[in-house]
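Here are my notes on the model you sent over. Have the structure open while you read, and go through the points in order.

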Amino acid sequence: VPHQQPDLSQSAHIVTFLANKGGVGKTQAALSMGAAIAAAGGRVLLVDMDQQRNATVLLDPDMPDQAFTVFDVLAAGEPGAALDAAYPTAWSSLPALSAGRLDVVPGDSQLTDQHLIEHGLDALEVALRGAGEQYDVVLLDCPPSTGLVVQSTLVAASRAVLVTQPQHLSILGLQQISSLIDQFDQYRSNHGWSAVQVAGVLISQYDSRRTEHRDAQAEVREGFGTLCWNPPVPERAVVQKATAAHFPLLAYPDATAKGLASVFARLSSQLVRTFHDPYLAGLANRLSSEQITADDLTAVGV
Ligand SMILES: Nc1ncnc2c1ncn2[C@@H]1O[C@H](COP(=O)(O)OP(=O)(O)OP(=O)(O)O)[C@@H](O)[C@H]1O
Ligand SMILES: [Mg+2]
């Protein structure tokens, strides 16, 4: 029944990870939060919207190049097409994630804004219709841009996580992202959808010993108030090591990695609570009780 279709997609819990600057930690955040939610028993789908394919490669280095990708999904124009292109990942088979699952719609090096000109800004929203029946949370890993690929995520998602480094120029970029989100209010309201809600601003690669980082955190708090997530994600060399090993932080055998995973678990529980969904509240409680310990947080100075 056509008039029910918008409701289906909007009832899925879809989150877009945004920053117009590159290298600020979007992919790290999306993957670490996806892993945390899966470890708590959640069914998570990550859609790799970035033509760099970083998330896809990290989740599964052996993902075949010829696999049906997000490029094909957007071209299909079929409601729910993304669900047919959702692959289980290597991370899903780790014991730490066995309670839930973390699937991926693989990224594609051909995915450019031109593809959205051809297939419409609502292509992703159409492709994700019905996702809520199979997944508790859908995470969209975006390229560093405010272009059409990113704009298509503002049609599909109901929540946004804004990622920034603790630097003035990165924080200025947050204002551009915020006004991009505002530009979609009318579009969404015409479809009967509520505005995309900023779930939180995540400060990544934070070093509490640096005055300029503390100043930058204060600047974000001034602009975003309680939407500025606490704690910020500390900058630690182990992130590179876990990345090179294609391992989620929560499964990497290292105390600092566990500490960072605890931070991401806390932020994930804040994220899922923004949906005000009773089932997800249970997930948030498990995230807090099972994945966050004071010792772990102390290990990263939080
Ligand atoms: N907390 C951290 N501590 C140290 N290094 C980090 C941390 N978070 C991310 N990094 C590193 O910073 C680099 C950029 O991170 P990431 O790929 O997540 O950013 P991104 O915003 O997705 O980048 P892009 O815009 O290119 O997609 C990566 O090499 C990553 O390993
Ligand atoms: Mg990235």
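**Notes on the model**

1. Starting with the cysteines: C142 is buried, at a relative accessible area of 1%. C228 counts as buried too, with 5% relative accessibility. For the cut-offs, buried means under 20% relative accessible area, exposed means over 50%, and partly exposed is in between, using a 1.4 Å probe and protein chains only. As for disulfides, the structure holds 0, a disulfide being a pair of cysteine sulfur atoms within 2.5 Å.

2. Some ground rules. This is a predicted model, where local features need pLDDT of at least 70 and side-chain atom pairs count only at pLDDT 80 or more, while totals for chains, interfaces and linings use all residues. Residues are numbered from 1 along each chain as its sequence is written, chains are lettered from A and ligands numbered from 1 in the order in which they are written, and side-chain values use heavy atoms, with hydrogens and water left out.

3. On confidence: pLDDT (the predictor's confidence in each residue, from 0 to 100) averages 93 over the protein, and 96% of the residues score at least 70. Watch residues 1-9, though, where pLDDT stays under 50 and the model has 9 contacts beyond four places in sequence. Contact here means heavy atoms within 4.5 Å.

4. Now the open spaces. Rolling a probe the size of a water molecule over the atoms shows where empty space is left. The rule works on a 1 Å grid over the protein atoms alone: a cavity is a set of points where a 1.4 Å probe fits but cannot get out, a pocket is an open set with protein on both sides within 12 Å along at least five of seven lines, and lining residues have an atom within 4 Å of a point. Grid points are joined across faces, edges and corners, and a volume is the space filled by probe spheres set on the points.

5. The largest pocket has a volume of about 560 Å³. Its lining takes in 27 residues, and G23, G25, Q28, Q205 and V239 lie nearest the centre. The elements giving two or more residues to that lining are α2 (26-39), α3 (54-59) and α13 (238-244). Helices (H or I, at least four residues) and strands (E, at least two) are DSSP runs, numbered from the N terminus. By class, the lining has 11 nonpolar, 11 polar and 5 charged residues. Ala, Val, Leu, Ile, Met, Phe, Trp, Tyr, Cys and Pro count as nonpolar, Asp, Glu, Lys and Arg as charged, and the others, Gly among them, as polar.

6. The second largest pocket comes to about 160 Å³. Among the residues lining this pocket are Y206, D207, R209, R236 and V302. Its lining has 5 nonpolar, 2 polar and 3 charged residues.

7. How many cavities of 30 Å³ or more are there by this rule? The count is 3. The largest holds about 80 Å³ of space, and its lining includes Q28, W91, V239, H246 and F247. Both α2 and α13 supply at least two residues of that lining, which divides into 8 nonpolar, 4 polar and no charged.

8. The second largest cavity has a volume of about 50 Å³. L31, A35, A261 and F264 are among its lining residues. Here α2 gives the most, with 4 residues, and α14 (255-273) also supplies at least two. By class it is 9 nonpolar, 1 polar and no charged.

9. Most residues other than glycine have a negative phi, and most peptide bonds are trans. The peptide bond from N230 to P231 is cis, with omega near 0 degrees, and P231 sits in the loop between α12 (211-224) and α13. R53, in the loop between β2 (43-48) and α3, has a positive phi near 60 degrees and counts as buried at 16% relative accessibility. H276, in the loop between α14 and α15 (278-291), has a positive phi near 50 degrees and is exposed, at 69%.

10. Finally, A160, found in strand β6 (residues 159-164). A160 is buried, with a relative accessible area of 0%. Beyond its neighbours within four places in sequence, its contacts include T16, L18, I181 and G200. A160 and G200 are 40 residues apart in sequence, with 7.3 Å from C-alpha to C-alpha.
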